[in-house]
Amino acid sequence: MSSQSFSRRVVRAVAAAAIGAVAFAGCAVDHSGTDASKPTIRIAYQSFPSGDLVVKNNRWLETELPGYNIKWTKFDSGADVNTAFIAEQVDFGALGSSPVARGLSAPLNIPYQVAFVLDVAGDNEALVARNGTGIESIADLKGKRIGTAFASTAHYSLLAALDRNRLSANDVKLVDLQPQASLAAWERGDVDAVYTWLPTLDQLRKSGKTLITSRELATAGKPTLDLGVVSKEFAQAHPDVVDTWRKVQARALDTIKNRPDEAAKAVSAEIGLSTQDAAQQLGQGVFLTKEQLTSKEWLGTEGAVGDIAVSLRSAAEFLVAQKQIPAAPSQEAIRDGIYVKGLPSVLGS
C-alpha cells in the first residue's frame with residue numbers, strides 16, 4: 001500500500017469518528033418521508049440565507065426526484081461539511097469558497113466538484129467589534145481576541161482584512177468558534193470582535209460596530225462565495241440527479257430575485273426568523289443570474305471553466321501564505337474541481 005493511500009485511509013477514519021461526534025452533538029437530520037426501498041441522496045446544508053434553504057423548504061428535490069429519499073443534514077460550518085465528505089457521509093454540500101479551496105488542496109484532497117454558486121458574500125458576512133472594547137478600526141484589533149470559525153470563508157476574510165491593515169494572525173488572538181458559540185462568547189465578554197455570517201451576524205450587530213464586510217473585501221480583490229459541491233463519484237454515477245439539483249438551485253435564485261416574498265417566507269421557516277428579517281438578510285447577499293453563472297466570470301461552460309477556478313486558486317495561495325495549508329493545488333487541479341457538464345442547457349441560459 002502506498003503512503004498516500006494509507007494517509008487517505010487514516011484521514012477518512014478520523015473523519016468518520018469526527019462526523020459521528022458532530023452528529024452526537026446535535027447535528028440536525030431531516031429523515032422525513034424515508035422509504036427503505038429507495039436509494040438516498042445525502043445533502044449537507046447550512047442555515048445561512050440562500051437558495052439552498054428555499055429548495056429545502058419547498059421540497060423541490062423530493063418532488064422532482066420521487067425515486068429517491070432526500071436526507072438533509074445541517075452543519076455549522078464548511079469545515080464540518082468537509083469532514084462529512086471525507087467520511088463519505090454526504091453527496092452534495094453547501095460550503096464557502098475558503099473551505100472548498102482547502103478541501104481541494106493537500107492533505108485533504110477531497111474528491112468533490114463545485115457545481116453551483118449559491119451566493120457571493122456581501123454584507124451578509126462581516127467583522128464586528130463589541131461595544132465597550134474601544135475598537136474603532138481594524139488597526140485597533142492588535143492584541144485583541146477575535147472569534148471566527150476556522151477554515152471558513154469568514155476566517156479567510158478575517159486574515160485578508162488583517163493583512164490589508166499590516167497585521168497578521170500573530171498580532172491578534174484568534175479563537176476558533178462556530179457562529180452560535182461566538183455569540184455566546186460575545187455575550188460573556190470573552191471575545192472583543194467576531195468575523196461571522198448571517199443569521200448570527202445580525203445578532204452581533206445589535207451591540208457592536210461593523211469594521212469591514214466581505215462585500216468591501218470582494219471589491220478589494222478578495223471575494224468569498226458560498227458554493228454547492230457534489231461528490232465526484234456521485235456525479236459520475238448520477239449525472240441526471242446533478243442536473244436536477246442544479247435546476248432547482250437555479251429556480252431558487254430566480255425566486256429570490258423575482259418573488260422575494262416567497263423566498264423570504266421559505267428562509268424564515270428554515271432559520272426561525274420573521275419573514276421581514278429573512279427578507280432583510282437575503283438582501284445582504286449577492287445572487288447570480290443563470291446568465292452570470294455560465295459566464296466566464298463565474299462557472300463558465302464545458303471546456304471553458306470560468307474565473308471561479310482562478311478565485312479558488314487565489315484563495316488556496318492565500319491559505320498557503322497564512323500557513324493554513326502546505327501548498328496550493330495546480331490550476332489544472334482546480335479546474336478539475338469545477339463541474340460544468342451541460343450547464344447552459346441544464347439552466348436554460
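Contact means heavy atoms within 4.5 Å. This is a predicted model in which local features need pLDDT of at least 70 and side-chain atom pairs count only at pLDDT 80 or more, while totals for chains, interfaces and linings use all residues. Residues are numbered from 1 along each chain as its sequence is written, and side-chain values use heavy atoms, with hydrogens and water left out.

**View 1. Surroundings of Pro-223.** Residues up to four places away in sequence aside, Pro-223 touches Ser-97, Tyr-156, Leu-217, Ala-218 and Ser-311. Pro-223 counts as partly exposed because its relative accessibility is 29% (buried is under 20% relative accessible area, exposed over 50%, partly exposed in between; 1.4 Å probe, protein chains only).

**View 2. The largest nonpolar core.** A nonpolar core is a set of buried Ala, Val, Leu, Ile, Met, Phe, Trp, Tyr and Cys residues joined through side-chain atoms within 4.5 Å. The largest one has 96 residues, and Leu-127, Leu-141 and Leu-312 have the most contacts inside it. Another core, of twelve residues, lies apart from it and includes Ala-126 and Leu-204.

**View 3. Packing of α11 and α12.** The axes of α11 and helix α12 (residues 260–271) are 5 Å apart, at an angle of about 115 degrees. Helices are DSSP runs of H or I, at least four residues, numbered from the N terminus; axes are lines fitted to C-alpha atoms over the stretch in contact, and angles run from 0 to 180 degrees between N-to-C directions. Thr-255, Ile-256, Lys-257 and Asn-258 in α11 meet Pro-260, Glu-262 and Ala-263 in α12.

Technical notes. Helix = DSSP H or I, 4+ residues; strand = E, 2+ residues; numbered from the N terminus.
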